Amino acid sequence: MNWQKIKADYRTSLKSMDTEEHIDLAFYRPIGYAWACLARKLGITPNAITVAAIFLGIGAGVCFYFNNLGINVIGMLLLVWANSFDSADGQLARMTKQYSRIGRILDGMCGDFWFIAIYAAICLRENHFSVFFSDHPWLIWVMAAVTGLCHAKQAKMADYYRQFHLYFLKGESGSELESAAELEKAYREAKRQGCNIFKRFTLYTYLNYTRNQEVMTPAMQRLRRALKKKYPDGRIPLEFRERFRKLSLPLMKYTNILSFNWRIIALFTALFIGQPWLYFAFELVVLNALMVYMMWRHERICRQLARSLR
């Protein structure tokens, strides 16, 4: 067995060391790589792995409804399994060059399915088993709805900043950064060609997703326009790229906290102590504060760099 070749193959399955999270590197990426290697041998596509991850995550959410720690632990294991598949689909895509916009959209929706199931399970559980929430059943649903909106915003912004960092680190080929203008053209072309309703729906959803990211980041958009104006061929000097990377790198730890692993640590802790509603409080208070701070820092960096291009 050629370990050097395996190590090199494994490294190609990672996005970048700048953006990888420590728990992922220690646990999910090695397991995901093993799944990806198996899938490559069996001819399984990244999208098929993503679909399997969706069903595993939904199954985990169902397990969290029960006020039984044993069943909850089964749900935790299912969620860990689902996330290992969610890691494997991207690693397989990078290893086999099976990139597609539909794949990215489906991968982005994967976590949404998981957490819709988890949120619904927590609400139904609290209404059924909690004395306080059974007397005020509407309260936990309102809390879940607000938390869900915040969760979507947190994950959306974390992914956007990560892709922007990868754009400067690796260029267009190493990033999935897109613009609303490009996606709108793709959506109109899909309508003109009479593409199937699933493709049009996913493109439309992704278009609105990207528009919202751009609205939330005015300074970043000014920097992108300034770069396009000064370097229309897209060849941004290495010195400028390194300058951005140096400023952006400290923020990558916040994008990782706002992603999967720390959420799940908080969720599992809340389940172990029998108070799953505390997970909502964690997202509303801790993660929202972290998102606001991350956005403020990133926008300040973008304003600084945009001024330097004048």
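**Cavity, pocket and buried polar residues**

Colleague: Helices α7 and α9 (197-215) each supply at least two residues of the lining of the largest cavity. Which helix provides the largest share of that lining?

Modeller: This is a predicted model, in which local features need pLDDT of at least 70, side-chain atom pairs count only at pLDDT 80 or more, and totals for chains, interfaces and linings use all residues. Residues are numbered from 1 along each chain as its sequence is written, and side-chain values use heavy atoms, with hydrogens and water left out. Helices are DSSP runs (H or I, at least four residues), numbered from the N terminus. The largest share of the cavity lining, three residues, comes from α9.

Colleague: What is the volume of the largest cavity?

Modeller: A cavity is a set of points on a 1 Å grid over the protein atoms alone where a 1.4 Å probe fits but cannot get out, and lining residues have an atom within 4 Å of a point. The structure holds one cavity of 30 Å³ or more. Its lining consists of Arg104, Tyr160, Gln163, Glu176, Leu177, Glu178, Tyr206, Thr210 and Gln213, divided into three nonpolar, three polar and three charged residues. With volume taken as the space filled by probe spheres set on points joined across faces, edges and corners, the largest cavity comes to about 40 Å³.

Colleague: Which helix gives the most to the lining of the second largest pocket?

Modeller: A pocket is an open set of grid points with protein on both sides within 12 Å along at least five of seven lines. The second largest pocket has a volume of about 590 Å³ and 21 lining residues, with Tyr167, Glu172, Glu182, Arg224 and Lys228 nearest its centre. At least two lining residues each come from α7 (137-170), α8 (180-192) and α10 (218-230). The most, five residues, come from α10.

Colleague: How many residues in the lining of the second largest pocket are charged?

Modeller: Asp, Glu, Lys and Arg count as charged; Ala, Val, Leu, Ile, Met, Phe, Trp, Tyr, Cys and Pro as nonpolar; and the others, Gly among them, as polar. The lining has eight nonpolar and four polar residues, and its charged residues number nine.

Colleague: Which backbone oxygen does the side chain of Gln91 reach?

Modeller: Gln91 is in helix α4 (residues 69-96) and is buried (under 20% relative accessible area, with a 1.4 Å probe and protein chains only), at 0%. Leaving out residues up to four places away in sequence, Gln91 has contacts (heavy atoms within 4.5 Å) that include Tyr10, Tyr28 and Ala36. At 3.1 Å, its side chain reaches the backbone oxygen of Arg29.

Colleague: How far apart in space are Asn256 and Glu21, C-alpha to C-alpha?

Modeller: Asn256 lies in helix α12 (residues 252-257) and is buried, at 11% relative accessible area. Beyond four places in sequence, Asn256 touches Thr19, Glu20, Glu21, Arg162 and Trp262. Asn256 and Glu21 are 235 residues apart in sequence, but their C-alpha separation in space is 5.9 Å.

Colleague: Is Asn261 buried or exposed?

Modeller: Asn261 is found in helix α13 (residues 261-272). Beyond four places in sequence, its contacts are Glu21, Ile23, Asp24, Tyr28 and Asn83. Its relative accessible area is 7%, so Asn261 is buried.

Colleague: How many disulfides are there?

Modeller: A disulfide is a pair of cysteine sulfur atoms within 2.5 Å. By this rule the count is zero. For Cys123, the nearest cysteine sulfur, that of Cys150, is 14 Å away. The number of disulfides is zero.

Methods. Buried means under 20% relative accessible area, exposed over 50%, partly exposed in between (1.4 Å probe, protein chains only). A polar contact is a pair of N or O atoms within 3.5 Å; within protein, one must be able to donate a hydrogen and the other to accept it, and residues adjacent in sequence count only if both atoms are side-chain atoms.
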